[in-house]
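Work through the exercises below with the sequence and the 3D structure at hand, and try each task before reading its solution.

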Amino acid sequence: MIPAQFQYAAPASIPDALALLKSNPEAKILSGGQSLIPLMKFRLAQPAMVVDINGIGGLDYIREEGGWLKIGALTRESQLEDSALVREKYPLLYDTTLSVADPIVRNRATLAGNLAHADPANDHPATMLAYRAQVVATGAAGNRTIAVDAFFTGLFSTALASDEILTEVQIPAPVARSGGAYLKMERKVGDFATAGVAVQLNLDASGKIEQIGIGMTNLGLQALRAKRSEDALRGEMPETKWIKRAAVFAQEDCEPNADLRGGVDYKRNLVRVLTMRALEKAIARAKG
Ligand SMILES: Cc1cc2nc3c(=O)[nH]c(=O)nc-3n(C[C@H](O)[C@H](O)[C@H](O)COP(=O)(O)OP(=O)(O)OC[C@H]3O[C@@H](n4cnc5c(N)ncnc54)[C@H](O)[C@@H]3O)c2cc1C
């Protein structure tokens, strides 16, 4: 289908983009366009104006600074995929990027757009929960930092105001003996997740699980934190009995809907298995 009529603006700076957003509350930001354009074509979104931020320089970077991995808003999935830093030090992010759609989509899609879109089926939100990441929102009054737990507020909704731009994603740099993994079940390559589980953890000097984050994809109206599973593992040795128990908690605590990808019981079972396997993979990586 052809999108409804809209005005198009291509500001060259963040202040110009913010001014456009301020004076056009019904405007939508365009980054990679991999979610927005299909929605507009189906007329599920009919923004009065599209503010294309692709002409703003200096927003496509991946760098470590002050204990964080900082990723600029216009960094494409393919840049994450090609980054040796991401591949070597952030395996959870690397796994997740590789599982998003296909290479054609990843050439345009951005991590920031993936988060701002807040589709419960998108892969990165669960990963950001596992990492305990944060995002930088830039508005007329300056920057504010939003912890990822406060960022997702519901189905396709976030804590971003309509006149704010998500300008940077910040992921904590890994401490010693860290490991992470993202596992996703999809019906075919390029599909959204039937279910996905993201795990990030580290072991203390005695081998016990010290910090742990577990996020779940497409198992509720927004990405979910498997809090009971995290609590069950923190402070324990990474042994099978604890892993199994945590996986059962994730199975019980997720909130799947029956759809074309499967029924509720199937998805719950899937979550249990994915959680176990993601934990085992993350632990193996943490042990080096
Ligand atoms: C064929 C296909 C398969 C796909 N499969 C997957 C998949 O397996 N996993 C997955 O996670 N995703 C998948 N997607 C969805 C897509 O990859 C993501 O939603 C995409 O990464 C969104 O990023 P974008 O840069 O393209 O955002 P856009 O489409 O440009 O924008 C998406 C939304 O976010 C807002 N937005 C964008 N950037 C910003 C910003 N910087 N600040 C504030 N708001 C912003 C826009 O206004 C819009 O509402 C698929 C898409 C397609 C077309």
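The protein is divided into domain 1 (7–55), domain 2 (62–172) and domain 3 (180–286), with bounds that come from an automatic or database domain assignment. The model is predicted, so local features need pLDDT of at least 70 and side-chain atom pairs count only at pLDDT 80 or more, while totals for chains, interfaces and linings use all residues. Residues are numbered from 1 along each chain as its sequence is written.

**Exercise 1.** Find which residues of helix 11 are buried, and what they pack against.

Solution. Begin with the element itself: helices (H or I, at least four residues) and strands (E, at least two) are DSSP runs, numbered from the N terminus. Next, apply the burial criterion, 20 or more other C-beta atoms within 10 Å of the residue's own, with C-beta atoms placed from the backbone; this gives Ile 243, Ala 246, Ala 247, Phe 249, Ala 250 and Gln 251. Finally, take contacts as C-beta atoms, placed from the backbone, within 7 Å; the buried residues of helix 11 then pack against strand 13 (209–217), helix 10 (227–233) and helix 12 (264–286).

**Exercise 2.** Describe the shell around the ligand.

Solution. Counting residues whose C-beta atom, placed from the backbone, lies within 6 Å of the ligand, one finds 31, the closest being Gly 32, Gln 34, Ala 101, Ala 109 and Gly 113. Two or more residues come from each of strand 2 (28–30), helix 2 (36–41), helix 7 (111–117) and strand 10 (165–172), and helix 7 gives the most, with five residues. At the level of domains, domain 1 and domain 2 each supply at least three residues to this shell.

Methods
A residue is buried if 20 or more other C-beta atoms lie within 10 Å of its own, exposed if 12 or fewer, and partly exposed in between; C-beta atoms are placed from the backbone. Two residues are in contact if their C-beta atoms, placed from the backbone, lie within 7 Å.
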